[in-house]
Amino acid sequence: MAKDKSQNIDLLRQSLGPIPSPGSAQTPAGYLTQAVTTIQNILRQEQFTSEQELQSSLTQSSTKVSQSQRLDQMLTLANQLVQTAQGGADAVRQNLPHFQQTLQQLKTQIADEETQIGTQVSQALQQAVSSLAQAHAAMVQGQSFRDLSRLVAEAEHLVGQIQKPTDVVS
């Protein structure tokens, strides 16, 4: 993302050349077209980046929903075990196969969750690095928008030049 931002800045800097004088090779209208096209391209890139970040957030939300569902399943199993155990040793003996099966299911789900958490730790560390990159990209984005602001001001100036019939070069 940071590379895209630096490319945007380079495009802006190229667009922010000197304003043409009457009779120069590039007309105010040509510079205006170049300026607004650059604005359009940069805004498209910013929109794409924003959509990528949104997708990442949606993926994280989906992961949390799945984890919550798995925890709910484990809690249901634990509740079954508690209910049977509260009936005393006789209740456990009477329901021993079901109790053991429920205990095994809980053990399996806990082991699976441990694996999932290990994966989440790895992803969180990767996200920490990504967050640093995003912070840098946000700083670059701030510069891009400052440059866009200057480019819009230049476009306004060029429109003013185009409005003057004596300055218009075909």
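Predicted model: local features only at pLDDT ≥ 70, side-chain atom pairs only at ≥ 80, totals over all residues.
Trainee: What makes R70 and E113 a salt bridge?

Mentor: The cut-off is 4 Å between a side-chain nitrogen of Lys or Arg and a carboxyl oxygen of Asp or Glu. R70 and E113 meet at 2.6 Å, N to O, so the pair is within the cut-off. R70 sits in helix α2 (residues 28–86) and E113 in helix α4, 43 residues apart, which links distant parts of the chain.

Trainee: Why is E113 called buried?

Mentor: Buried means under 20% relative accessible area. E113 has 6%, so E113 is buried. R70 has 23% and is therefore partly exposed.

Trainee: What makes D147 and R150 a salt bridge?

Mentor: Their side chains meet at 1.9 Å, N to O, and the cut-off is 4 Å. Both residues lie in helix α4, 3 residues apart, about one turn of the helix.

Trainee: Why is L125 called exposed?

Mentor: Exposed means over 50%. L125 has a relative accessible area of 57%, so L125 is exposed. L125 is found in helix α4 (residues 96–163). With I117 and V121, L125 forms a nonpolar patch on the surface, with about 270 Å² of accessible area together.

Note on methods. Residues numbered from 1 in each chain as written. Heavy atoms only, no water. Patch = residues over 30% accessible without salt bridge, like charges linked within 9 Å, V, L, I, M, F, W, Y side chains within 5 Å. Areas by Shrake-Rupley, 256 points an atom, 1.4 Å probe, with all protein chains shown as cover. Helix = DSSP H or I, 4+ residues; strand = E, 2+ residues; numbered from the N terminus. Buried < 20%, exposed > 50% of the residue type's maximum accessible area, 1.4 Å probe, protein only.
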